[in-house]
Structure formats: C-alpha cells, structure tokens
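Dear colleague,

Please find the structure below, together with its sequence. My notes on what was found in it follow.

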Amino acid sequence: MERTSSVVNINVLFFAKSRELAKTSRAEITVDPVVKAGNLLIQLIDCFNLRAISDNLIIAHNENYIENLEAEIYLCKGDEIAVIPPISGG
C-alpha cells in the first residue's frame, strides 16, 4: 500500500488516570496511517508516561473499542484515539 510512507496527525483523548499521568486531557500526535493496535498502544504508553497502568488500558478509534491488539487500524487526519484506563473503585 503506497500510503504507508506518509504520516497523519490524530487526536488522542485521555480519561481518568490516563489523563492524570499524561498531564493533559488531549494531545495531537503524528503516526503512520496504518498501524497495529498493539503497536499504537505501546507508542501511546511510551509517549505519555502511561506505564503504571499499561496492563489494563483500552483504546478506542473514533468511539469504537479496539479489542484485538493485532488488528490494523487505518487512521486519517483528525481521527480520535481514546485512552481508557481501568475503572477504579469497585
């Protein structure tokens, strides 16, 4: 696929503990337009200091949960990735 050499800017949204660790509720990052979900998650963990909660994070692409970390995600400029930490309390 010839698009793989270009990059896109996407928005990353952080919630609860991930927002606290990232020290922001929103960020823009540049990524490859096609990426495995697991690789994107690792990139987010490393870039935004999320190692403390890395074992339990969930990500969503444009409000759709990504359950298979081996799945390829096709990203376009302005897409949103939500970083959802484990729910505390119960």
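**Findings**

Glu20 is exposed, with a relative accessible area of 51%; here buried means under 20% relative accessible area, exposed over 50%, and partly exposed in between (1.4 Å probe, protein chains only).

Before the remaining details, a note on the basis: this is a predicted model, in which local features need pLDDT of at least 70 and side-chain atom pairs count only at pLDDT 80 or more, while totals for chains, interfaces and linings use all residues. Residues are numbered from 1 along each chain as its sequence is written, and side-chain values use heavy atoms, with hydrogens and water left out.

**Salt bridges**

A salt bridge is taken as a side-chain nitrogen of Lys or Arg within 4 Å of a carboxyl oxygen of Asp or Glu.

Glu20 is joined by its side chain to Lys17, with an N to O distance of 3.1 Å. The two residues are 3 apart in helix H1 (residues 16-22), and are therefore separated by about one helical turn. Helices (H or I, at least four residues) and strands (E, at least two) are DSSP runs, numbered from the N terminus. Lys17 is partly exposed, at 35% relative accessibility.

Arg26 and Glu80 form another salt bridge, their closest N and O atoms lying 3.4 Å apart. This pair links distant parts of the chain, since Arg26 belongs to strand S2 (residues 26-31) and Glu80 to strand S7 (residues 80-84), 54 residues apart. Both are partly exposed: Arg26 has a relative accessible area of 44%, and Glu80 one of 26%.

Asp46 pairs with Arg51, and here the closest N and O atoms are 2.4 Å apart. Asp46 is partly exposed at 48% relative accessibility, whereas Arg51 is exposed at 52%.

**Two buried serines**

Ser18 lies in helix H1 and is buried, with a relative accessible area of 0%. Its side chain reaches the backbone oxygen of Val83 at 3.2 Å, which is a polar contact (a pair of N or O atoms within 3.5 Å; within protein, one must be able to donate a hydrogen and the other to accept it, and residues adjacent in sequence count only if both atoms are side-chain atoms). Apart from neighbours within four places in sequence, Ser18 is in contact (heavy atoms within 4.5 Å) with Leu50, Ile53, Val83 and Pro85.

Ser54 is placed in the loop between H2 and strand S4 (58-61). Ser54 is also buried, at 17% relative accessible area, and its side chain reaches the backbone oxygen of Arg51 at 3.0 Å.

A nonpolar core is a set of buried Ala, Val, Leu, Ile, Met, Phe, Trp, Tyr and Cys residues joined through side-chain atoms within 4.5 Å. The largest has 25 residues, and those with the most contacts inside it are Phe14, Leu44, Phe48, Leu50 and Leu75. Two or more residues each come from strand S1 (8-14), H1, S2, helix H2 (37-47) and S7; H2 gives the most, with 5 residues. Beyond residues up to four places away in sequence, Phe48 touches Phe14, Leu21, Ala22, Ala27 and Ile29.

In H2 the buried residues are Ala37, Gly38, Leu40, Leu41, Leu44 and Ile45. Seen down the helix axis, they fall within an arc of 160 degrees, so they line one face of H2; the arc is that of the directions from the axis to the C-beta atoms. Asn49, which follows H2, has a positive phi near 60 degrees.

Yours sincerely
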